[in-house]
Amino acid sequence: MDTHPYCKLYKKSLKKKSNTMRDALPSIQDVRRIFFKQQRKKNLIPEHANLTNEYNQEIYRLRRKLSTSSNGQLSEADQKTLDKFIELKTEVENKHFEDLREKLIDHIVCQPRKLRLARIKNPERKLYSINKRRIIPTLHDRYVSMVISRAFRLKTLGRDQAIRVLIDSLNIAKGGKAAYRAILKFDIESFFDNVRHDEIKRKITSHPGVPRFVVEHLDSIFSALSRMDPQLQIDPRGIPQGVPSSSVISEVYLENLDIRLRQHPSVILYLRYVDDIIVICDESDTTNISNLVEKELANVGLKVNSSKEVKIVHPATVETSFEYLGYKVIFENESSQLKYIDISEAKKDRYLKALDKVSKYAITMTCWADEQSVDTFLWLFEYLLLTHATEESVDVPRIVTGLGYNARFVTSKNTGNLNEVIRESKKILWKSVGKIINSKLNPQICNCCNRNIYRVKDISNLVGKVNFNGIMYSSALLHIDDVSRERVRKLLWES
């Protein structure tokens with residue numbers, strides 16, 4: 001491994017250095033936080049939970065017993081057992097995270113000069129990842145993100161938070177009178193490809209709270225990108241979308257834009273999620289706001305994508321709408337008050353494309369008595385439409401999927417895009433299993449082999465759930481095993 005010279009001496013000297021350098025290194029709590037953040041993206045059960053699986057099962061059993069007990073207490077023997085297993089579990093986990101912390105500190109102090117990036121196959125976006133075979137480089141990148149966030153005191157809104165804030169702001173304005181406001185939506189053109197390396201390094205290196213290893217890590221990322229695209233050696237710009245630190249870098253890069261717009265006296269609401277910007281302001285000040293956005297972006301070498309720019313002035317005599325982060329916001333005509341929330345055109349098209357794959361899979365099925373084929377058919381529909389979640393437990397991060405979850409901010413049954421997805425789902429499902437459901441044979445028999453149709457009750461139950469209420473309000477299903485879930489994901493979403 002190509003590391004800094006005198007690495008061992010450098011690491012040993014930490015004990016003699018001031019608290020400033022030691023304080024910049026991760027604590028066990030930091031490692032836990034960034035590890036869980038990584039595992040939540042990848043696995044249903046965190047990697048470290050396998051180390052304490054026998055403890056987890058017993059702890060979970062006793063906690064369930066406690067929650068259902070009449071007096072809210074365990075017997076003395078059960079309480080001692082619970083305390084014992086919690087202590088053992090904590091001991092094993094602390095050892096695991098302490099080992100990870102030591103490896104992460106080694107990586108930080110003796111940081112490799114070269115970082116390897118890999119392209120992720122994605123037809124819609126140019127995505128990258130850090131070496132998947134080794135956990136430490138990715139944990140290092142996440143820790144760099146944490147250090148930058150702390151130094152710049154970044155308080156970013158997640159996707160869900162941004163949608164909630166937007167809906168709340170529009171609901172607050174509801175009343176008997178017409179709404180007077182302007183809504184401006186901006187998209188930054190090729191944002192990730194146009195972040196200037198010199199500008200972001202200037203901002204980060206000039207901050208007194210950013211340690212040297214952060215700058216070295218950014219240099220490694222930029223060098224890795226340049227090796228993949230020689231053009232960047234001539235014009236050094238761009239950050240790798242998909243790498244955790246890129247989202248934090250983007251926040252720092254657009255810091256001045258955020259400050260200017262949040263402090264503007266005419267701005268009622270300002271939201272930015274990476275490169276998607278929403279501004280609600282006085283209708284008389286739209287030109288000034290637009291000019292301000294363009295000027296601040298130009299200062300850092302960026303510009304607005306004019307083809308995606310939206311300007312709505314209320315009150316309007318016709319129904320108006322705009323799309324933001326996977327949702328479509330529709331307003332009443334005349335009053336211009338919020339009418340309802342639907343899923344966006346892009347999200348609708350993505351689900352219709354996945355449904356087409358489900359339909360093609362159903363056509364290839366020749367035997368409804370084959371367990372693997374029927375399981376996969378049901379899983380495809382269920383994972384696409386119905387909410388799935390991990391069982392509630394302090395030991396497992398909650399992962400939620402499905403249209404019922406991804407359309408959770410939809411506010412009405414009378415939505416065009418969501419209903420189109422539901423109608424197409426019904427059509428494909430009935431075309432595939434209608435003869436089975438309506439068969440008068442008992443038990444239902446597969447035509448190709450004269451065996452009993454597998455999971456016929458589950459097929460019938462699925463048909464009953466494919467409607468608005470069934471998709472949006474049914475209890476979450478538990479996830480299937482990771483291997484099967486990954487196979488279903490590839491069938492649904494990969495080209």
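1. Leaving aside residues up to four places away in sequence, G326 touches R159, I343, S344 and K347, where contact means heavy atoms within 4.5 Å. G326 sits in the loop that joins strand 7 (320–324) to strand 8 (327–331). Its C-alpha atom is separated by 7.2 Å from that of A346, 20 residues apart along the chain. Helices (H or I, at least four residues) and strands (E, at least two) are DSSP runs, numbered from the N terminus.

2. The model is predicted, so local features need pLDDT of at least 70 and side-chain atom pairs count only at pLDDT 80 or more, whereas totals for chains, interfaces and linings use all residues. Residues are numbered from 1 along each chain as its sequence is written, and side-chain values use heavy atoms, with hydrogens and water left out.

3. S129 is part of strand 2. This residue counts as buried because its relative accessibility is 12%; buried means under 20% relative accessible area, exposed over 50%, and partly exposed in between (1.4 Å probe, protein chains only). With residues up to four places away in sequence not counted, S129 touches R116, L117, A118, I120 and V243.

4. R133 is located in the loop between strand 2 (127–130) and helix 6 (135–152). At 81% relative accessibility, R133 counts as exposed.

5. E87 belongs to helix 5 (residues 76–109). Its relative accessibility is 57%, and E87 therefore counts as exposed. The C-alpha atoms of E87 and Y55 are separated by 9.6 Å, the two residues being 32 residues apart along the chain.
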